[in-house]
Amino acid sequence: MIFVDNENITDPRINLAIEEHLLRNVFAGEDLLLFYVNAPSIIIGRNQNTLAEINPRYVDAHGIIVVRRLSGGGAVYHDLGNLNFSFITRYTPESFQNFRKFTGPVIRVLHELGVPAEPGGRSDIVVAGRKVSGNAQYRTGNRMWSHGTLLFDSRLEDVASALDVSLEQITARGIQSVRSRVANISEFLSIDLDISEFRRRLIRGIFDGADPIPQYKLTPQDWAAIQKLSVERYASWEWNYGKSLAFDARKERVLPTGKIEAHISTDRGLIQAVRFSGDFAGAADLAACAARLAGVRYERADLEAALAAIDLTPYVGAIDRGDLLNLLW
């Protein structure tokens with residue numbers, strides 16, 4: 001096995017691009033091991049509805065990056081207290097869906113650190129019945145990866161808030177995440193470690209104390225390909241939101257002119273239809289206003305721009321435009 005250093009990059013769009021580049025383009029003759037830490041971000045599973053998995057207001061307010069990954073599974077929250085690992089290997093039928101083959105070395109090192117970790121379910125690592133690691137896999141051709149999270153010292157309150165979907169009622173088609181009872185590994189340590197030292201000990205343990213640890217250094221050509229992939233896939237709205245399947249949501253709000261409900265249907269991240277109802281005062285039929293929202297990206301900035309082009313007074317009376325925006329978003 002060969003270790004790949006991501007050079008302390010914390011941008012999830014670049015780290016996911018590194019992982020994909022290694023899988024598709026780097027053939028070092030041995031399995032590869034990658035570790036990375038991401039800045040606050042939500043990583044969405046390949047088959048998920050992004051807007052059905054996140055709290056968009058919280059995400060916007062806290063500058064959280066939302067990125068879709070290639071592997072399946074549920075949405076996870078990353079921050080600087082979460083360490084991610086990825087084993088990039090040759091595909092074999094015996095390896096794919098065999099999560100314990102890849103979580104086993106991690107569990108062994110956790111035991112060496114005094115943490116009583118064990119496999120949980122099909123693909124998790126748990127300590128005292130609480131989840132500290134979730135894992136997923138991806139295969140292309142004769143190559144695959146098995147990657148996972150390690151909650152070391154994450155802000156668990158942010159995990160809950162970022163993944164707490166704020167739409168009052170939502171019906172989504174796709175795979176929705178199962179929220180699990182989680183814990184930080186640092187809670188179970190009897191020694192004082194920061195995440196950098198934790199990472200160092202994991203690497204040393206997985207490589208059985210080898211000195212030096214065999215390493216593949218990313219070349220300028222690798223970095224150019226990684227940057228290109230990051231921009232074209234992992235930083236693109238079309239990948240992160242546009243791949244979302246259909247969902248329907250109902251939101252309601254009491255405005256100065258009365259109660260108003262919005263029934264919102266989206267597909268591929270675009271508004272398909274909005275229906276308004278309620279006891280609000282308005283002279284004109286809101287259906288005409290709603291029709292002008294069809295085709296708009298379901299993002300706050302796009303909704304704000306669309307509403308700015310509409311004179312709302314005939315429809316809902318003299319209300320603040322921001323109130324209607326907050327109803328829709």
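What share of the chain's contacts between residues at least 6 apart in sequence join residues at least 24 apart? I looked this up and got 72%, with contact taken as heavy atoms within 4.5 Å.

The model is predicted, so I noted the limits: local features need pLDDT of at least 70, side-chain atom pairs count only at pLDDT 80 or more, and totals for chains, interfaces and linings use all residues. Residues are numbered from 1 along each chain as its sequence is written, and side-chain values use heavy atoms, with hydrogens and water left out.

**Whole chain.** I read off 11 helices and 15 strands; these are DSSP runs numbered from the N terminus, helices being H or I of at least four residues and strands E of at least two. Of the 329 residues, 52% count as buried, that is, under 20% relative accessible area with a 1.4 Å probe, protein chains only.

**α3 and α5.** I looked at helix α3 (residues 99-112) against helix α5 (residues 195-206): they pack at about 115 degrees, axes 9 Å apart. Axes are lines fitted to C-alpha atoms over the stretch in contact, and angles run from 0 to 180 degrees between N-to-C directions. On the α3 side I listed P105, V106, R108, V109 and L110; on the α5 side, F198, R201, L202, G205 and I206. The contact residues divide into 7 nonpolar, 1 polar and 2 charged; Ala, Val, Leu, Ile, Met, Phe, Trp, Tyr, Cys and Pro count as nonpolar, Asp, Glu, Lys and Arg as charged, the others, Gly among them, as polar.

**I213.** I found I213 in the loop between α5 and β12 (215-216). Leaving out residues up to four places away in sequence, I213 touches F3, I203, R204 and F207. The C-alpha atoms of I213 and I203 are separated by 8.5 Å.

Note on methods
Buried < 20%, exposed > 50% of the residue type's maximum accessible area, 1.4 Å probe, protein only.
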